[in-house]
Amino acid sequence: SLGLLAVLCLSPSLLGNRVGEAFGGLGAADPALLWVAGIAFAGMSICGALAWRAALSASGSPLPVVDASARYAVGCGVNAIAPAHVGSAVRVALFGRVTNGGCWTVGGAAAAVGVTRFVWLGALIAIGSAGGVLPRWPLLVIVALVGGAGALAFAAQRFSLPARLDRLLASFSLLAASPRDLAIVAGWALAGAVAKVAAAWAVVAAVGVDNARR
């Protein structure tokens, strides 16, 4: 995958004229801001890896930081060049090889991390809605999703479930029972969201989108 990515970077015209023009426009971008964007994107990947690691650790599968970061980064690399979030499936498979419960446990941990991200996204949308910048209906969707996750955590704690479903919901129930672990996962998810916003801002500023509109 790294070889294919290198070929595309050297010959962006293979992806079409518009992509080639976009790569050509990078020559006029601010190098310092591009470095900021690159560092922020790398930080986003690391925060995502640490959030997954914390959720899996709560499920009884502790992983070294370097190991978890490497497996997560491979998924990010595949997502960068493959459609339909194929990298996410690759990431689950890689973590499943070293996780108790395999891919079912990893899928549940990934879903739990996703829910914490939705919580932070809901907070941002709530702030935007209060200021009249954003509509309120996405907030209702997020509240429904978080409420559904809470119901799943309750069900996993109270009822006897099939083995695979129990492994899938293990992260939800264990994080709900451990405020400390939940805070760690939520903290890394928040840090990843901040890094993502910073990366997007740096890219936009580097290519002068604001100046172009003026």
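Modeller: Before we start, helices and strands here are DSSP runs, numbered from the N terminus. Also keep in mind that this is a predicted model.

Biologist: Got it. How many helices and strands does the chain come to?

Modeller: The count is eleven helices and zero strands. Reading from the N terminus, the order is α-α-α-α-α-α-α-α-α-α-α.

Biologist: And what pLDDT does the chain average?

Modeller: The average pLDDT is 81, and 84% of the residues score at least 70. Residues 1-5 are a stretch to treat separately: there the pLDDT is below 50, and the stretch has three contacts in the model beyond near neighbours in sequence.

Biologist: What share of the residues counts as buried?

Modeller: The chain has 214 residues, and 31% of them count as buried. As for contacts with a separation of 6 or more, 58% are between residues 24 or more positions apart.

Biologist: Let's talk rings. How many aromatic pairs does a search of the whole structure find?

Modeller: Two aromatic pairs turn up. One of them joins Trp52 and Tyr72 edge-to-face, with 5.5 Å centre to centre and 80° between the planes. Trp52 belongs to helix α3 (residues 31-58) and Tyr72 to helix α4 (residues 65-81), so this pair ties together parts that are 20 residues apart in sequence.

Biologist: Are those two buried or exposed?

Modeller: Trp52 and Tyr72 are both buried. Trp52 also pairs with Phe95, and that pair is tilted: 5.2 Å centre to centre and 50° between the planes. Phe95 is in helix α5 (residues 86-96) while Trp52 is in α3, so here the parts tied together are 43 residues apart in sequence.

Biologist: Why does Phe95 count as buried?

Modeller: Because its relative accessibility is 0%, and buried means under 20%. Trp52 counts as buried too, because its relative accessibility is 6%. Together, Trp52, Tyr72 and Phe95 form one aromatic cluster.

Biologist: Nice. Where does Arg91 lie relative to Tyr72?

Modeller: Arg91 is over the face of Tyr72, 3.9 Å from the ring centre. The charged end of Arg91 also sits over the ring of Trp52, at 5.6 Å from its centre.

Biologist: Switching topic: how many disulfides does the count come to?

Modeller: Zero disulfides.

Biologist: OK, but I'm curious about the cysteines. Is Cys47 buried or exposed?

Modeller: Cys47 is buried, since its relative accessible area is 10%. Cys76 counts as partly exposed, because its relative accessibility is 27%.

Biologist: Next one, Ser173. Which helix does Ser173 lie in?

Modeller: Ser173 is part of helix α9, which covers residues 170-177. With a relative accessibility of 12%, Ser173 counts as buried.

Biologist: What is Ser173 in contact with, leaving aside its neighbours within four places in sequence?

Modeller: Its contacts are Ala153, Ala156 and Gln157. There is also a local one: a polar atom of the Ser173 side chain lies 2.9 Å from the backbone oxygen of Ala170.

Biologist: Last stop. Where is the place of Asp30?

Modeller: Asp30 is in the loop between α2 (17-25) and α3. Asp30 counts as partly exposed, because its relative accessibility is 34%.

Biologist: And how far apart are Asp30 and Gly208 in space?

Modeller: They are 8.4 Å apart, C-alpha to C-alpha, although 178 residues separate Asp30 and Gly208 in sequence.

Technical notes:
Residues are numbered from 1 along each chain as its sequence is written. Side-chain values use heavy atoms; hydrogens and water are left out. pLDDT is the predictor's confidence in each residue, from 0 to 100. Contact means heavy atoms within 4.5 Å. Helices (H or I, at least four residues) and strands (E, at least two) are DSSP runs, numbered from the N terminus. Buried means under 20% relative accessible area, exposed over 50%, partly exposed in between (1.4 Å probe, protein chains only). A polar contact is a pair of N or O atoms within 3.5 Å; within protein, one must be able to donate a hydrogen and the other to accept it, and residues adjacent in sequence count only if both atoms are side-chain atoms. Rings of Phe, Tyr and Trp (its six-membered ring) pair if their centres lie within 6.5 Å; planes under 30 degrees apart count as stacked, over 60 as edge-to-face and the rest as tilted. A charge sits over a ring if NZ of Lys or CZ of Arg is within 6 Å of the ring centre and within 35 degrees of the ring normal. A disulfide is a pair of cysteine sulfur atoms within 2.5 Å.
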